[in-house]
Amino acid sequence: MAAASGFAESGADLDLVGIQKRFPGFTAIEHLDLTIPAGSFFALLGPSGCGKTTTLRLVAGLEDPTTGQVLIGGKDVTKLRPFERPVNTVFQSYALFPHMTVLENVAFGLRRRKIADPIDKAHEALRLVELDHLATRKPQQLSGGQQQRVALARALVNRPALLLLDEPLGALDLKLRRQMQIELKSIQESVGLTFLHVTHDQEEAMTMADTVAVMNKGRIEQMGAPEVLYELPRTAFVANFLGQSNLFTGPVAGTTADAISVDVAGVKVVVPKSRAARHTGTVTIGVRPEKLALHTEKPATDASTNALGPGRVIDVSFTGVSTQYLVDIPGVGNVTVFTQNMGFGPTAHEGAEVWVSWHVEHGFGLEDDPDAEPRFSPDADTQMLAVQTKNELQSELEAEEA
Amino acid sequence: MSATSAATRTELPAAREGKPFKRRIGLGTWLLPAYVTIAFVFLLIPIVYTFIFSFNDSLKSNIVWRGFTFDNWLGICNQVEVCIAFGNSLLVGGTATLIATTLGTMIAIALVRYRFRFRSGISLLLFLPMATPEVVLAAGLAAEFLTAGVQKGLITIILAHTMFCLSFVVVTVKARVTTLDPALEEAGRDLYGSPTQVFWRVTFPLLLPGIVAAAMLSFALSFDDFIITYFNAGIVQTFPTYVYISAARGIPAQANVIASAVFIFAIAIVLIAQITNASRRKRLGLN
Amino acid sequence: MAFTAFSTGTAKEQAPRRKSKIALLLLLPGILYLLLFFLVPLVALIATSLQEPVPFGDFGQYQTAFRWQNYVEVITTYGDQIIRSFTYALLATIFALLFSYPIAYFIGVKCRQWPLLQNLLLVLVIAPFFISFLLRTLAWKSILADESFIVTGLKALSLMAPDAHFTGTPAAVVFGLTYNFIPFMTLPIYAALERLDTRLLEAGRDLYAKPATSFFKITVPLSMAGIVSGVLLTFIPAAGDYINASSRFLGGSSTSMIGNVIESNFLVSLNYPAAAALSIILMSIILVLVTAYVKRSGTEDLL
């Protein structure tokens, strides 16, 4: 058994094959196929109720899948119980044993596996997280950040092939969270284990992970390096969950060798073919707010620039680094623009007539069918999902009876 | 999916078919429920026995089954002694509960809300009666009444019951006072409530569930008490002392009727409280 | 509830306590009551335990003295009963703990998703409370009597010797004590387990603890406060009980406990000093045991 073999020398691949997880009343995971290469820092990102925590619990063995297999290092562990799996978890609540000292907490897993010198190894792990001086304290006597580090040490000391992190920084304040993000990342690089990190914080996922998978409603919507996900979102959900996006829908009006042009309220908007998922029919295209430029006079357009306008500024908010404008363009809707505060004061005031423009290369085309998907898919939490599913099932049953 | 986009996008792996997964149901899954079921059957055996024998068409002693009858239920007071003993139990329980709940609630509020000297001494004085075997309390009170030359009777029983109920009331109400947010009282004062108004309109209603629980516990303790009563009753009989005395010569089936009726009544109160509580929680959307 | 009387419970954040005359008004009546009807009786008991018979006086007449020999006499006369009381109480406490823990665990942990079932089962646990203590003990006496079908059945199956009895034996007394105090054991353990954070059990499983290890290393230590309360709430009344051991109930001539001899000395032979001395001995032993036990299990700060 993998657990009995002691310390993992390095991380192992995680392979999830055709996973589905149904709970009474709702489906937490629709269908999941995922491979996480050894030694990588992988983040599962999504709103609450998207199935990310369930995925983590399936890997840890705390839940059984309805269908599918979990493979760690190529070995099927689906039937193994949690204590037989070479996996450790940093729990969202930390779940530190309140009746044991910090040191006893960290040595717990080592003692269960009868590893030699558990105390020395526990001290070593506590030194790694710089808490060895608090080894004799009880967890309740530590601050939130310290407890988080003890939880990390308690999991890491076992050198699991795979380390699972369930929103481990969620309970910390912003400043501490930033600091811990950097520490976690550097610890992962130094120990070389595979980290699977679950979070709803897009910034956290992008800062720390090599690869990010965005989950929604029990499925992975898109997966890739953080820059790729941000610059080239494939669905409206990803476009709006990962940062903000301005999305426009319209029919494809023309196609060239390497670009499509979309009719947005009578204006031709060009998107490179390589950045558009669909090239025919009605499509949704988008552009990030910080890629937009704001003009008080109608800009001169050429083949490499898209422009929309005129519209009216309906809101200006100053955030320090940048200024956010909300522009209402008739026929198009509200468009958000972020501008860097390079000079003093805003470039346009509320009520001003403005145009927006962006470089053709910055636009992207989504894969979603605009008719099937609303402009923005609302965030659904677990309870809502359960209620929806229940109502659907009920109406199905009623339809059958009738 | 277009070929040109493949370079820039990290593709999801192709969908693979997962095998249905079913974990073997282990021994532990049904062992515990099975044990608990048997344990509850065991716990309820004497209750069922007592209930069944309340319908026994018995003569003087109610040990051998002689046939089914409703006579015992319809003529509880055919055995006058049982009836009087039961009445005494109700009287003692009611009076002792009233006094113990009042005094105990006052102490509980003081313990949580105020600073005073001899706190640890007072805590010890409240704790000790619960840690003292009943027979010691009983003998002590009897020795005191004997020394003081007090005639034993209903009064001495009530005095004794109030004493041992008091500590239990304090513990129960204190738990409620501790969970009471002091900011609620501060809000009451902030909104122009005089101390008396704040107590009766804010504090008391919030403490009421705890006080009611304490009163019910106190009545139950008093009603079922035998040892302390027996030492301090003189010639007066309560329901338990009646059962004890007649145990030697045979207990009439009317005793089973009273015990069963009290049991049904108590369970009904508890269940009604549970159900109203549950439906209220449901209405408030807490569950 | 009172069943948490002995539990430790972490003190909640409270507003600073005020100093006020009102405190005195609130405390005075109740405290005076306890002084008058708890402390004074204890003193009276000590005084009585040292009394001597009135010379040439009537049966049951005693006068104030300092006759400490009373203690020596009751210990030599009733040594057996004293030892028996604590042995029976200890056995009953152990059996009640073993019987109750799985029930408390089932209700407090396994039934969490179904609060209604949880409440119903709790009602069933305390149900024996609501039928008179004496009547339920008498019911067991009838159920386990020599002519009952349980005993005749066991004899027919040769699981019991043909001339053996159950009622009147030490086993029956321990059985009765166990049964009668089960709710006192179950409820505090339930209260502790109900608060148990099951995420800690998941953490244990994640850290390679087998189910049995998780149970003994995490569940049991975290429910210790409940176990301590339950043990005290069972042991104290069981040691002083005399109903179960009485020959009218489940006991016989050779099963009498300290409570039985206190009763007979006080109410039958009117030997008040002996009864008082026995009471003081019982109380002292219990206080010593309770203090030692509570110190050892690390749950102090009672009430």
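A salt bridge is here a side-chain nitrogen of Lys or Arg within 4 Å of a carboxyl oxygen of Asp or Glu, and across the interface of chain B and chain C this rule finds zero salt bridges. The model shown in these views is predicted, so that local features need pLDDT of at least 70 and side-chain atom pairs count only at pLDDT 80 or more, while totals for chains, interfaces and linings use all residues. Residues are numbered from 1 along each chain as its sequence is written, chains are lettered from A and ligands numbered from 1 in the order in which they are written, and side-chain values use heavy atoms, with hydrogens and water left out.

**View 1. The interface of chain B and chain C.** With contact taken as heavy atoms within 4.5 Å, 89 residues of chain B are in contact with 85 residues of chain C. The area buried between the two chains, that is, the accessible area (1.4 Å probe) that two parts lose on being put together, summed over both, is about 8300 Å², and carbon and sulfur atoms give 79% of it. B:Tyr114, B:Leu125 and B:Tyr244 supply 8% of the area that chain B buries against chain C, more than any other three residues. Seven residue pairs, both at pLDDT 80 or more, are in polar contact between chain B and chain C; a polar contact is a pair of N or O atoms within 3.5 Å, where within protein one must be able to donate a hydrogen and the other to accept it, and residues adjacent in sequence count only if both atoms are side-chain atoms. Helix H1 (residues 27-52) of chain B gives the most to the side of chain B that touches chain C, with 14 residues; helices (H or I, at least four residues) and strands (E, at least two) are DSSP runs, numbered from the N terminus. The residues on that side of chain B divide into 72 nonpolar, 11 polar and six charged, where Ala, Val, Leu, Ile, Met, Phe, Trp, Tyr, Cys and Pro count as nonpolar, Asp, Glu, Lys and Arg as charged, and the others, Gly among them, as polar.

**View 2. Strand pairing between chain B and chain C.** Strand S1 (residues 114-115) of chain B and strand S1 (residues 18-19) of chain C run parallel and are joined by two bridges, two strands being paired if DSSP finds at least two bridges between them. Within this pairing, B:Tyr114 stands opposite C:Arg18.

View 3. C:Ser132 lies in the loop between helix H3 (115-126) and helix H4 (133-143) of chain C. With a relative accessible area of 6%, C:Ser132 is buried, where buried means under 20% relative accessible area, exposed over 50%, and partly exposed in between (1.4 Å probe, protein chains only). Not counting residues up to four places away in sequence, C:Ser132 touches B:Asp224, B:Phe239 and B:Ala259.

**View 4. Helix H10 of chain C and C:Asn260.** Eight of the 11 residues of helix H10 (residues 258-268) of chain C are buried, so this helix is largely enclosed by the rest of the structure. The buried residues of H10(C) pack against helix H5 (134-148), helix H9 (227-232) and helix H10 (239-247) of chain B, together with helix H2 (69-110), helix H9 (224-240) and helix H11 (272-296) of chain C. Among these buried residues is C:Asn260, which has a relative accessibility of 11% and whose side chain reaches the backbone oxygen of C:Tyr242 at 3.2 Å. Not counting residues up to four places away in sequence, C:Asn260 touches C:Asp241, C:Tyr242, C:Ala245 and C:Ser246. H10(C) is followed by C:Leu270, whose phi is positive, near 50°.

**View 5. An open sheet in chain A.** Five strands of chain A form an open sheet in the order S13-S12-S11-S14-S20, with antiparallel pairing. Strand S13 (267-272) and strand S20 (364-365) stand at the edges, each with a single partner strand, so one side of each is left without a neighbour in the sheet. Strand S12 (residues 259-264) pairs with S13(A) in the antiparallel sense over six bridges, and A:Ala259 stands opposite A:Pro272.

**View 6. The surroundings of A:Leu229.** A:Leu229 is placed in helix H7 (residues 226-231) of chain A and counts as buried at 0% relative accessibility. Its C-alpha atom is separated by 7.9 Å from that of A:Val212, 17 residues apart along the chain. Not counting residues up to four places away in sequence, A:Leu229 touches residues including A:Val212, A:Met223, A:Leu242 and A:Arg288.
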